[in-house]
Amino acid sequence: MTLHTVSAAPDAPLWTPAPGRKERALITHFEAWLDRERGLRFENYEALWQWSVTDLEGFWSAVLAFFELPLRTPYERILSGEDMPGARWFEGARLNLVDQVFRHAHLASPSIVFESEASGTGAMSWCELQRQVECRKAVVEDRRLLADRRRSRCRREGAQNGCSRQGRRRSQTPRADGNNSMYGAQPRREIQAMLKTRLNALGKSALKALICMGAWFSP
């Protein structure tokens with residue numbers, strides 16, 4: 001067997017993209033945005049990289065603006081200290097994951113593309129994703145509403161019969177019927193009835209949303 005070696009200049013790239021692919025690249029659009037919005041021009045990738053690691057606040061503020069990331073609360077400072085560990089990025093900024101996901105809902109491409117060993121490949125449209133997230137939101141809001149109602153009732157009754165103390169004792173004492181809910185039997189039945197009614201109205205998609213979308217919903 002004969003081994004063949006390929007010699008190349010030390011600085012020669014191993015691969016160069018075609019002109020069309022380079023024009024479509026996201027980094028090409030980012031460079032054009034920097035030139036148009038910030039007046040920054042770079043001769044090559046190395047110059048762009050050098051700027052990104054020397055002007056940290058300038059680079060990351062440009063990234064945030066280029067991707068138009070919607071923040072519910074603006075940041076106070078991009079970087080507080082450069083020592084690691086201990087550096088803190090975008091202090092004061094707050095964002096919502098659902099906002100980030102659904103700002104792409106206008107795209108024609110699917111929201112989720114998945115592959116399963118059991119059922120093969122599949123895709124979910126943005127409309128279906130939004131519907132399932134709304135189902136999850138409705139269930140969570142119902143549970144929150146019931147909890148708020150119970151707290152209000154407990155405060156009203158507490159002045160008369162010590163509702164809070166009795167509630168704590170009930171939660172610590174096993175029940176003969178096996179219902180050890182910290183909320184007591186009646187509130188627990190109300191929650192179960194409300195959830196059952198809501199899930200029946202929404203259909204099986206609500207159950208699917210509880211499983212699939214739980215990590216995506218930020219109440």
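Salt bridges and their setting

Tutor: The side chains of Arg151 and Asp148 form a salt bridge, with 2.2 Å from N to O. The term stands for a side-chain nitrogen of Lys or Arg within 4 Å of a carboxyl oxygen of Asp or Glu. This is a predicted model, in which local features need pLDDT of at least 70 and side-chain atom pairs count only at pLDDT 80 or more, while totals for chains, interfaces and linings use all residues. Residues are numbered from 1 along each chain as its sequence is written, and side-chain values use heavy atoms, leaving out hydrogens and water.

Both partners of that pair sit in helix α6 (residues 126–161); Arg151 and Asp148 are three residues apart, so about one helical turn separates them. Helices (H or I, at least four residues) and strands (E, at least two) are DSSP runs, numbered from the N terminus. Arg151 is partly exposed at 42% relative accessibility, and Asp148 is also partly exposed, with a relative accessible area of 33%. Here buried means under 20% relative accessible area, exposed over 50%, and partly exposed in between (1.4 Å probe, protein chains only).

By the salt-bridge rule, the count comes to seven. Another of them joins the side chains of Glu37 and Arg36, at 3.5 Å from N to O. Glu37 is partly exposed, its relative accessible area being 47%, whereas Arg36 is exposed at 57%.

A further pair is Asp99 with Arg72, whose side chains meet in a salt bridge at 2.8 Å, N to O. This pair links distant parts of the chain: Asp99 belongs to helix α5 (residues 97–102), Arg72 lies in the loop between α4 (56–66) and β1, and the two are 27 residues apart. With 30% relative accessibility, Asp99 counts as partly exposed; Arg72, at 57%, counts as exposed.

Within α4, the buried residues are Gly58, Phe59, Ser61, Ala62, Val63, Leu64 and Phe66. Their cover includes α2, α3, β1 and β2 (88–91). After α4 comes Glu68, which has a positive phi near 50°.

On the β1 side, Ser80 is found in the strand, which spans residues 77–80. The side chain of Ser80 makes a polar contact with the side chain of Glu91, at 2.4 Å. A polar contact is a pair of N or O atoms within 3.5 Å; within protein, one must be able to donate a hydrogen and the other to accept it, and residues adjacent in sequence count only if both atoms are side-chain atoms. Leaving aside residues up to four places away in sequence, Ser80 touches Gly86, Ala87, Arg88 and Glu91, where contact means heavy atoms within 4.5 Å.

The whole chain gives the wider setting. It has nine helices and four strands, in the order α-α-α-α-β-β-α-β-β-α-α-α-α from the N terminus on. Of its 219 residues, 22% count as buried. Among the contacts in the chain with a separation of 6 or more, 45% are between residues 24 or more positions apart.

To return to the request: the Arg151 and Asp148 pair lies within one helix, α6, while the Asp99 and Arg72 pair links α5 to the loop between α4 and β1.
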